[in-house]
Amino acid sequence: MSLLLTIDVGNTHTVLGLFDGEEVIEHWRLATDPRRTADEIAVVLQGLLAQSPLLKNADIGGIAICSTVPSVLNEMREMCRRYYGDVTAVIVEPGVRTGVPVRMDNPKEVGSDRIVNALAAINLFGGPCIIVDFGTATSFDAVSAKGEYIGAVTAPGIEISVDALAAAGAQLHKVELVRPRSVIAKNTVEALQAGIIYGFAGQVDGIVERMAAELADDPDDVTVVATGGYATLVSGEARSIDVHEPWLTLIGLRLIYNRNKPMN
């Protein structure tokens, strides 16, 4: 069995997924460490692959990577060269075919993960659509009915906001990010949880409403897709989110790999 390994390197976390055809059959989530070398990445990756009971008779037939951290991308490239030299590796960078026209003032400013997400969303749900990615930042990406990436909104992410609040408040501290018993809290921990969860849900609804009004004549035609590490936390509370797709970036990487792999 030949599998496709997809790797999404974010500022805080790295998500890896293995595809058998169009299905994600295994996945892992790691901390992104810019100091990790190509050899260390290979050790971690091979350890993950070896411990999975699903992969006893499988091999890696292809690799697709996108990264928002240049230093990690360089090491990923070296890891592929040294340890998977006989495997086709597609890295999302200038020159790689994505099929997503970028209508921005400076297309080079757009993160590769955002283009990957746009491709996946337009293939899965059609356009127009808005992608809300709950990562280090909370990013909102607008994709037209024609499948064009036309613009974005970027806001501080949940974890950044929690860290900043804990650092600035002498009597405040980091809390477990779970839904509190009620919006009106009876203790400090639940007050923080309510502010974080319902505050970000309100932010999402407000920004999406304004984006959808600019994106389509009828805002109801716009599909709103949530993804990212904190999507589960907020998507159930944000009225504007239509669908939660946790593997959106990995699906986009699979699509880009298929567009760019050598023809047999």
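These are my notebook entries on a few things I looked up in this structure.

**Ground rules.** I am working with a predicted model, where local features need pLDDT of at least 70 and side-chain atom pairs count only at pLDDT 80 or more, while totals for chains, interfaces and linings use all residues. I number residues from 1 along each chain as its sequence is written, and side-chain values use heavy atoms, with hydrogens and water left out.

**Cysteines.** I searched the whole structure for disulfides (a pair of cysteine sulfur atoms within 2.5 Å) and found 0. Cys80 is in none, as the nearest cysteine sulfur belongs to Cys66 and is 13 Å away. Cys80 has a relative accessible area of 6%, so I note it as buried (buried is under 20% relative accessible area, exposed over 50%, partly exposed in between, with a 1.4 Å probe and protein chains only). Cys129 is in no disulfide either; its nearest cysteine sulfur, also that of Cys66, is 17 Å away. Cys129 is buried, because its relative accessibility is 0%.

Which residue does the "binding site" annotation cover? It is Asp133, according to an unreviewed UniProt entry; UniProt positions are given in the numbering used here, feature names are shortened, and annotations may be inferred rather than shown by experiment. I found Asp133 in strand β6 (residues 129-134); helices (H or I, at least four residues) and strands (E, at least two) are DSSP runs, numbered from the N terminus. Asp133 counts as buried because its relative accessibility is 12%. Leaving out residues up to four places away in sequence, Asp133 touches Asp113, Asn117, Thr138, Ser139, Thr227 and Gly228, where contact means heavy atoms within 4.5 Å.

**Ala142.** Next I looked at strand β7 (residues 137-143), which holds Ala142. Is Ala142 buried or exposed? At 7% relative accessibility, Ala142 is buried. With residues up to four places away in sequence not counted, its contacts include Cys129, Tyr149 and Met211. I also checked Thr14: its C-alpha atom is 24 Å from that of Ala142, and the two residues are 128 apart along the chain.
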